[in-house]
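Hello,

Here is the structure for you to look at. My notes on the findings follow below it.

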Amino acid sequence: MRVDVISVLPEMFEPAMSASMLGIARDRGVLEFHAHDLRTWALPGVHRQVDDAPYGGGPGMVMRPEPLFAAIRAVGALDERPALTILMTPQGVPLSQNLVEKLATHERIVLVCGRYEGVDERVREAVDLEVSIGDYVMTGGELPAMVVVDAVCRLLPGVLGDDESSTDESFSWGLLEYPHYTRPASFEQRDVPAILLSGDHARIASWRREQAVLRTARSRPDLLEAADLSPAERALADQALDTDRTDPEEV
Ligand code: SAM
């Protein structure tokens, strides 16, 4: 897969894109990554301007359409494979594992990163999709773009080893993943559940499934409606819904 990003801070990407799995994916040729400086397509002049004051007044600066349209066209033309062009914005569709899986089927994506108050409204016509990483506002689209690349890249064939398979993970069953434990078996009077030490793989699989249901009911009850649960699992989830949960309002 080829990924291009367009940003006024392209230097932000290299440390994240060369570390760990993303670095390995690039070394293996599974991921081709290019960060482009939007100022390459800035307005003529010494200031290499890419933003301007908002019409109608108000705080902050807005990214002008000319550099962004020029960058999107030029970057799109760098490779013959058609690109899915995505604007990072808190107003976009929420990023989900389902969307990540769809993005991973594309041969090429171009991610456009906003800054300041965001982009001129007309830029929305130059992209195929608008994506948000969550209901909060960040200072720029660079970290959101890295989130997208990281989540998509780990699904590409050959990135994760067999022992790091992504098939059991949170959201892949419509549930959060079951809890994990490693050595030591006992740590400061906190014991690993005995079943995990039993060697009985069938019982371990069923315990894990039950834990995934309980965990989802406690932490993300909104996921339960669409989850594929047996009647017994549904009853278990209903019981767990009544137990104490962390209330984000109290944090
Ligand atoms: N004024 C904009 C609004 O209220 O929708 C927010 C602009 S934000 C300060 C600057 C840039 O950060 C955005 O253009 C976008 O590229 C990026 N950004 C901020 N939060 C984001 C999020 N949750 N998901 C994706 N991109 C985000």
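This is a predicted model: local features need pLDDT of at least 70, side-chain atom pairs count only at pLDDT 80 or more; totals for chains, interfaces and linings use all residues.

Two elements each give two or more residues to the shell around the ligand: strand S5 (84–94) and strand S7 (129–132). S5 supplies the largest share of that shell, with 4 residues. In total, 20 residues surround the ligand. The closest ones are Met 88, Gln 91, Gly 114, Glu 117 and Tyr 136.

Gly 114 has a backbone N or O atom 2.9 Å from an oxygen atom of the ligand. For Gly 141, a backbone N or O atom is 3.4 Å from an oxygen atom of the ligand. A polar backbone atom of Gly 134 lies 3.1 Å from a nitrogen atom of the ligand. The ligand taken alone exposes 580 Å², and the protein buries 84% of that.

The other part to look at is strand S1 (residues 2–7), where 6 of the 6 residues are buried. In a regular strand, side chains alternate between the two faces of the sheet. Arg 2, Asp 4 and Ile 6 point one way from S1, while Val 3, Val 5 and Ser 7 point the other way. Residues in both sets are buried.

S1 has parallel pairings with two strands. With strand S2 (residues 32–37) the pairing runs over 6 bridges, and Arg 2 stands opposite Glu 32 there. With strand S6 (residues 108–113) it runs over 5 bridges, and the bridge partner of Arg 2 in S6 is Arg 108.

Regards

Terms used:
Residues are numbered from 1 along each chain as its sequence is written. Side-chain values use heavy atoms; hydrogens and water are left out. Buried means under 20% relative accessible area, exposed over 50%, partly exposed in between (1.4 Å probe, protein chains only). Two strands pair if DSSP finds at least two bridges between them. A residue is near a molecule or strand if one of its heavy atoms lies within 4 Å of it. A polar contact is a pair of N or O atoms within 3.5 Å; within protein, one must be able to donate a hydrogen and the other to accept it, and residues adjacent in sequence count only if both atoms are side-chain atoms. Accessible areas come from the Shrake-Rupley method with a 1.4 Å probe; for residues, only the protein chains shown count as cover.
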